[in-house]
Amino acid sequence: YANSLGYAYEFGIGTSLSIKEAMKYYEMSAKQNNAIGITNLADLYIQENKLKKAKPLLIKAAKKEYGYAQYLLAMNFFDLYSENNKEALFWLERAASNDEPHALYQLGLYYVEKADLAKSIQYYQRAAELNYGDALLELYYIYGEGIGVEQDDDKALFFLKKAAELDNQEAIDELAAQALASRAQNGQGNMDAKEAEYWIKK
């Protein structure tokens, strides 16, 4: 309950926006040893650049196997792209095993950099299954251009539409551009007139 109130104050949902009040309720939640409350409190500290206060809280929540805490710990306190990235990878992989979509997506990006496309696609696909828009968009580009996989326009369009349905702006813009191209070809493109009109207006 305290965590929900904190969230309401942090984002001004049904009440006025107040970080001070949010922090108060997250602290109450954290005192009850609630992993989400602990993480939300740590996240506020990160936003205020109070990293020394955030780190022990994130470690506590991460040890409770809360994926978002593990993700925040990896991305804010360790360098994934340095030579000494064992701890960053350790926490990201732990978060990924807890189905944290942000971590799955970051690992997808990381393995693209490492030129391990098969591993990258696995992480993107799991994040996409969890409705993570940026991962769906990556899969759209991968299948649309046949990067490390057989090119598949239908699969690419499926991922693009799914990302757009999740309000991913880049996906909406891409679909609108395709819709305009389809309309210019008198509906000979990859969508009918009604669908084209929908994406152009969105």
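In which helix is Tyr143 found? Tyr143 belongs to helix α9, which covers residues 133–145.

## Basis of the description

The structure is a predicted model, in which local features need pLDDT of at least 70 and side-chain atom pairs count only at pLDDT 80 or more, while totals for chains, interfaces and linings use all residues. Residues are numbered from 1 along each chain as its sequence is written, and side-chain values use heavy atoms, with hydrogens and water left out.

Helices are DSSP runs (H or I, at least four residues; strands are E runs of at least two), numbered from the N terminus.

## Surroundings of Tyr143

Tyr143 counts as buried at 7% relative accessibility. Here buried means under 20% relative accessible area, exposed means over 50%, and partly exposed lies in between (1.4 Å probe, protein chains only). Leaving aside neighbours within four places in sequence, Tyr143 is in contact with Ile121, Gln125, Val149, Glu150, Gln151, Asp152, Lys155, Ala156 and Phe159; contact means heavy atoms within 4.5 Å.

With Gln125, the side chain of Tyr143 also makes a side-chain polar contact at 3.4 Å. A polar contact is a pair of N or O atoms within 3.5 Å; within protein, one must be able to donate a hydrogen and the other to accept it, and residues adjacent in sequence count only if both atoms are side-chain atoms. The C-alpha atoms of Tyr143 and Leu130 are separated by 19 Å, the two residues being 13 residues apart along the chain.

## Helix α3 and its ends

Helix α3 comprises residues 35–47, 13 residues in total, and reaches 18 Å from its first C-alpha to its last, close to the expected 18 Å at 1.5 Å a residue. The expected span is 1.5 Å times one less than the number of residues in the helix. This helix is mostly covered, with 11 of its 13 residues buried.

At the N-terminal end, α3 is capped by Asn34, a side-chain oxygen of which lies 2.8 Å from the backbone nitrogen of Ile36. Asn49 follows α3 and has a positive phi, near 65 degrees. This residue is found in the loop between α3 and α4 and counts as exposed at 63% relative accessibility. Glu65, in the loop between α4 and α5, also has a positive phi of about 65 degrees although it is not a glycine. Glu65 is partly exposed, with a relative accessible area of 34%.

## Aromatic pairs

There are 12 aromatic pairs, counted where rings of Phe, Tyr and Trp (its six-membered ring) have centres within 6.5 Å; planes under 30 degrees apart are stacked, over 60 edge-to-face, and the rest tilted. One of these, Tyr9 with Tyr25, is stacked, at 5.8 Å centre to centre and 0 degrees between the planes. Tyr9 lies in helix α1 (residues 2–11) and Tyr25 in helix α2 (residues 19–31), so the pair ties together parts that are 16 residues apart in sequence. Both Tyr9 and Tyr25 are buried.

Elsewhere, Tyr81, Tyr110, Tyr111 and Tyr123 form one aromatic cluster.

## Salt bridges

The whole structure holds 5 salt bridges, each a side-chain nitrogen of Lys or Arg within 4 Å of a carboxyl oxygen of Asp or Glu. One of them joins the side chains of Glu48 and Lys50 at 3.2 Å, N to O. Glu48 is partly exposed at 36% relative accessibility, and Lys50 is partly exposed at 37%.

Arg126 forms a salt bridge with Asp99, with the closest N and O atoms 2.7 Å apart. Arg126 lies in helix α8 (residues 117–129) and Asp99 in the loop between α6 (86–97) and α7 (101–113), so this pair ties together parts that are 27 residues apart in sequence. Arg126 is partly exposed at 28% relative accessibility, as is Asp99 at 33%. The side chain of Arg126 also meets that of Glu129 in a salt bridge of 2.6 Å, N to O. Glu129 and Arg126 both lie in helix α8, 3 residues apart, about one turn of the helix, and Glu129 counts as exposed at 52% relative accessibility. Through shared partners, salt bridges join Asp99, Arg126 and Glu129 into one network.
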